Amino acid sequence: MDRIDTMKAFTAVVQEGSFTKAADRLGLSSQLVSKYVSQLEEHLKVRLLNRTTRRVNVTEAGRAYFERCQQVLIDIEEMDNALTNLSETASGLLKVSAPMSFGIHHLPSALVQFQQQHPDVRLDITLTDKKVDLLEDGVDVALRIGQLSSSSLIAKKLTPIKLVVCASPEYLAERGEPKTPADLIHHNYLHFSYSDLGAAFGRFGEHFSALKIPSDLACNNGDMLVEAAIAGRGIVVQPTFLVSKALRSGKLKAILTEYTPEPFGLYAVYVHRKFLASKVRCFVDALSQYYGKTPYWDAIDD
């Protein structure tokens, strides 16, 4: 029994939730993957998975072993990289999680450039605005936007993310343009549902963090909210990487410019390890250089 092969098989089954999907990912037969997991359970003398005809559930012992397996496999990969990638050549599969709208609008060209520089790296990108668990989901690097709280993870700031309060000229002509944040109580706020009102308007300062601003539309996608604002539905607080084109074209107008919210940041988040895989280090460095201290969507306006 090859312990590494059985650990890889078990980890893949937990991550995919299926023997068949795990087999497809590993390029093996589902029968062989099942055999590997059974051998591992026999060796450990404990049940790791509960199997039914429709689903696979991880036991408590299996969950604990899965977390250790992931770290062991990561350590093995990093050890190999440290010994074989002395020339700083990045290689292997790199799993990345990124915010939905940012990923669609501003990640593809950066990824193309990265893979041109590092052709031996295979990318697996997941776009989601939900916070992923890097260890549990097997993610190497997560791109996150905001002000990050302290944790055991390493977070490198890649570029600032400016926020803009804006609305369509038609909406402002009908409802009037607010002159101070306090005037927002007479307007309709288009709410990004993954953040509370305080996270957006609280960035004007403590005095305005308790404002009760009406909102009749919430959505978990910034693109939809921007389009609703362009259609005259209300006021949005969105990052410039989403609204810069609409502002330049006149479809949206920046308001409350004297009360510009404090910027967020785009961060690359990864698990703290002594030996960072070359593929992770090269990817983070590449994005930092690509976006820079003034990202291109802001440099156009500057």
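Q: How many aromatic pairs does a search of the whole structure find?
A: In this predicted model, the search finds 10 aromatic pairs.

Q: Why is the pair of Phe102 and Phe241 called edge-to-face?
A: Ring centres must lie within 6.5 Å for a pair, and planes over 60 degrees apart count as edge-to-face. The ring centres of Phe102 and Phe241 are 5.1 Å apart and their planes stand at 85 degrees, so the pair is edge-to-face.

Q: What makes this a link between distant parts of the chain?
A: Phe102 belongs to helix α5 (residues 100-106) and Phe241 to helix α11 (residues 240-249), and the two are 139 residues apart. Both Phe102 and Phe241 are buried.

Q: Why does the pair of Tyr290 and Tyr296 count as edge-to-face?
A: The centres of these rings are 6.1 Å apart, and the planes of Tyr290 and Tyr296 meet at 80 degrees, so this pair is edge-to-face.

Q: Why are Tyr290 and Tyr296 called partly exposed?
A: The term applies between the limits of 20% and 50% relative accessible area. Tyr290 has 22%, so Tyr290 is partly exposed. Tyr296 has 30% relative accessibility and therefore counts as partly exposed too.

Q: What is the strand order of the open sheet of three strands?
A: The order is β10-β7-β11, and the pairing is antiparallel.

Q: Why are β10 and β11 said to stand at the edges?
A: β10 (236-239) and β11 (253-254) each have a single partner strand, so one side of each is left without a neighbour in the sheet.

Q: How do you know that β7 pairs with β11?
A: Pairing requires at least two bridges between the strands. Strand β7 (residues 163-167) and β11 are antiparallel and pair over two bridges. Cys166 has Ala254 in β11 as its bridge partner.

Q: How many bridges join β7 to β10?
A: Four bridges join these antiparallel strands. In β10, Gln238 is the bridge partner of Val164.

Q: Why is β7 described as largely enclosed by the rest of the structure?
A: Five of the five residues of β7 are buried, so the strand is largely enclosed by the rest of the structure. Leu163, Val165 and Ala167 point one way from β7, while Val164 and Cys166 point the other way.

Q: Which residues of β10 point one way and which the other way?
A: Val236 and Gln238 point one way, Val237 and Pro239 the other way, and all are buried.

Q: Where does α11 lie relative to these strands?
A: Helix α11 lies across β7, β10 and β11, and runs at about 110 degrees to β10. The buried residues of α11 are Thr240, Phe241, Leu242, Val243, Ser244 and Ala246. Just after α11, Gly250 takes a positive phi of about 90 degrees.

Q: Which residues touch the most other members of the largest nonpolar core?
A: They are Val141, Leu143, Phe283 and Tyr291, in a core of 53 residues. Helix α12 (residues 278-291) gives the most to this core, with seven residues. Beyond its neighbours within four places in sequence, Leu143 is in contact with several residues, among them Pro99, Leu158, Tyr267 and Leu287. A second, separate core of 20 residues includes Ala9, Phe19, Ala23 and Tyr65.

Q: Why are Cys69 and Cys219 called buried?
A: Buried means under 20% relative accessible area. Cys69 has 1% relative accessibility and therefore counts as buried. Cys219 has 11%, so Cys219 counts as buried as well.

Q: How many disulfides are counted?
A: A disulfide needs a pair of cysteine sulfur atoms within 2.5 Å. By this rule the count is zero.

Q: What share of the 302 residues of the chain counts as buried?
A: The share is 42%. The chain has 13 helices and 12 strands.

Key
Residues numbered from 1 in each chain as written. Predicted model: local features only at pLDDT ≥ 70, side-chain atom pairs only at ≥ 80, totals over all residues. Heavy atoms only, no water. Phe/Tyr/Trp six-rings, centres within 6.5 Å; stacked < 30°, edge-to-face > 60°. Buried < 20%, exposed > 50% of the residue type's maximum accessible area, 1.4 Å probe, protein only. Contact = heavy atoms within 4.5 Å. Axes fitted to C-alpha atoms, helices over the stretch in contact; angles between N-to-C directions. Core = buried A, V, L, I, M, F, W, Y, C linked by side-chain atoms within 4.5 Å.
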